[in-house]
Amino acid sequence: MKTDLLIYVNKGLSDADLTFNGSFIPLELAEKYSSIEKMGDAYFSIPSGSDGALSGDSRTIVRAGDDDADFWRALFEKTGSDHIIKVMADSPFLDFAVIRDMAAVHTGNLAEFTYSENLPEGMACEIYSRELVGAIPEFKEKTLPLTKVIRSNMNQFDIELYYRDPDIRDKRLSFRSSNPRERKIMQNMVAAGGGVPSYERIKEIIEKDPGVLYAGPSYVEIELTGECELDCIFCYRKMVHSRRADMDAGLFRKILEGMKGFALPYTVCFGGSGEPLMNRDFYSILDAAMADPLIERIIVETNGVLAGQNYRNYISGHASGKIKTVVNINGHDRDSYAKLHGADRFETVRENIAGLKQALAGAPADALHVQIMKINETEPFLDAYYDYWEKQNIPIILQKQNAYLGLIKDRRYSDLSPLDRVPCWHLQRDLYILSDGAVTFCKVDVNAAAARGNVAESGIADIWEKGRAAFLGDYAGAYASCPDCASCDEWYTFNF
């Protein structure tokens, strides 16, 4: 029985993406596989048009499109394999003890397809059998990648789900060198562990030195203004000690410049205490964010009142999906809206949402969301709210209320906090910047009582580094007292 390895190169990856700590990952993976007794051959799959180092290798198979059923049929025919193990070519931490064990489970249980859900990307594989591929009917139309076809029809195949300890899904890690953030974390682990670790050692390295995870901000929430024309019952703006004016475009550009020092992709959210579209420089700020290659996505969190023709015109001209608009609408009719938002703007907001939907007709499905808070006041009409917006084919975000450590009234009718506390995601990955440039301790430090610094005066890298001690302390269960981290329930919520 012949079991071969397919080392799969995703479209758009360069040889630099496939190189880690001086080693070219695909060749290293092939060499490691060849050393495993009773295993077969290693092949490389590259997209057409690729001119990298693998393009001239005799083991390379050029594919015209995705790894759909036709691709797999041709692959089994060419290789003569009985089973093919698919691994990603940008996986420098791939542990072949795991691969060997998965293969033994697959063949021992006569499985048609084997995969793992608890192993992070870059640590596991998918195993396909010749019988499975032969059973897939031929289609005239282009089909999905075979793994999606299989997982959408689980009951039609003999599938083996592989589990291996330790389970580190709670770390939300991926071990793919093409992702700059994951590459940085892997480099930190290599430095801390004295080389590429086995899968079993990764948890040990993190527990001994959680600082390996502190790579740089992945989510930067920026308050463009402290102004808002609504008076929502769940908003903390009225509890802010001093009025916060507009952030000017120059300060925003300084933030972007400072973020370049991390050389990591990140998300920008225009949120905070005010309505971002009220900022006088909003569109020039949005232009600057759109032009920055490190910013993967821009989230505009708006009350929707000003999301009219000007905003529609802008996003319809930038429908790539980089801008995500989240409209906070916490009412189902004029009365419920006015009670929650303190103003009768329900029809305006709903009409603006309909206009945004039309303007984003060609954009990805996640380009527009409506958001409602899960509180006592919204519970009576929540089902009707869902029915309405689902019929409009607009995704809904059900938001957890943040009471900001008692700064505002807790209106929740249920507590969704997990029983076991994990280290705070926000201290590990987020920055919160007020309109005057102050970087707060975290999202609940709305008055900057424990500010790390100000981007108008200090570099972002230095400000980020000041947060390391709080992150490490939180990881160890030694919670900060200002703000009172031990009393906070935002630790389990996650952005990007």
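Q: In this predicted model, strands are DSSP runs of E with at least two residues, numbered from the N terminus. With that in mind, where is the place of Ala124?
A: Ala124 lies in the loop that links strand 7 (113-116) to strand 8 (126-129).

Q: What makes Ala124 buried rather than exposed?
A: Buried means under 20% relative accessible area. Ala124 has a relative accessible area of 16%, so it counts as buried.

Q: Which residues touch Ala124, leaving aside those up to four places away in sequence?
A: Contact requires heavy atoms within 4.5 Å. By that test, Ala124 touches Val87, Leu94, Ile99, Met102, Ser116 and Leu119. Pro380 is 256 residues from Ala124 along the chain, and their C-alpha atoms are separated by 45 Å.

Q: Let's turn to a pair of helices. Why are helix 6 and helix 7 called roughly perpendicular?
A: Angles from 65 to 115 degrees count as roughly perpendicular. Helix 6 (residues 180-193) and helix 7 (residues 199-208) pack at about 85 degrees, with their axes 10 Å apart. The two helices are therefore roughly perpendicular to each other.

Q: Which residues meet where helix 6 packs on helix 7?
A: From helix 6 come Met189, Ala192 and Gly193, and these meet Arg201, Ile202, Ile205 and Ile206 of helix 7. The residues of this contact divide into five nonpolar, one polar and one charged. Gly counts as polar and Arg as charged.

Q: Now for the chain as a whole. How many helices and strands does the chain have?
A: There are 16 helices and 18 strands.

Q: How do you know that the chain is as compact as a globular protein of its length?
A: The globule rule gives 23 Å for 496 residues, and the radius of gyration of the chain is 25 Å; the two values are close, so the chain is as compact as a globular protein of that length. The C-alpha atoms fill a box of roughly 70 × 50 × 45 Å along the principal axes.

Methods
Residues are numbered from 1 along each chain as its sequence is written. This is a predicted model: local features need pLDDT of at least 70, side-chain atom pairs count only at pLDDT 80 or more; totals for chains, interfaces and linings use all residues. Side-chain values use heavy atoms; hydrogens and water are left out. Axes are lines fitted to C-alpha atoms, for helices over the stretch in contact, and angles run from 0 to 180 degrees between N-to-C directions. Helices (H or I, at least four residues) and strands (E, at least two) are DSSP runs, numbered from the N terminus. Angles under 35 degrees count as roughly parallel, over 145 as roughly antiparallel, 65 to 115 as roughly perpendicular and the rest as oblique. The radius of gyration is taken over C-alpha atoms; the globule rule is 2.2 Å times the number of residues to the power 0.38. Buried means under 20% relative accessible area, exposed over 50%, partly exposed in between (1.4 Å probe, protein chains only).
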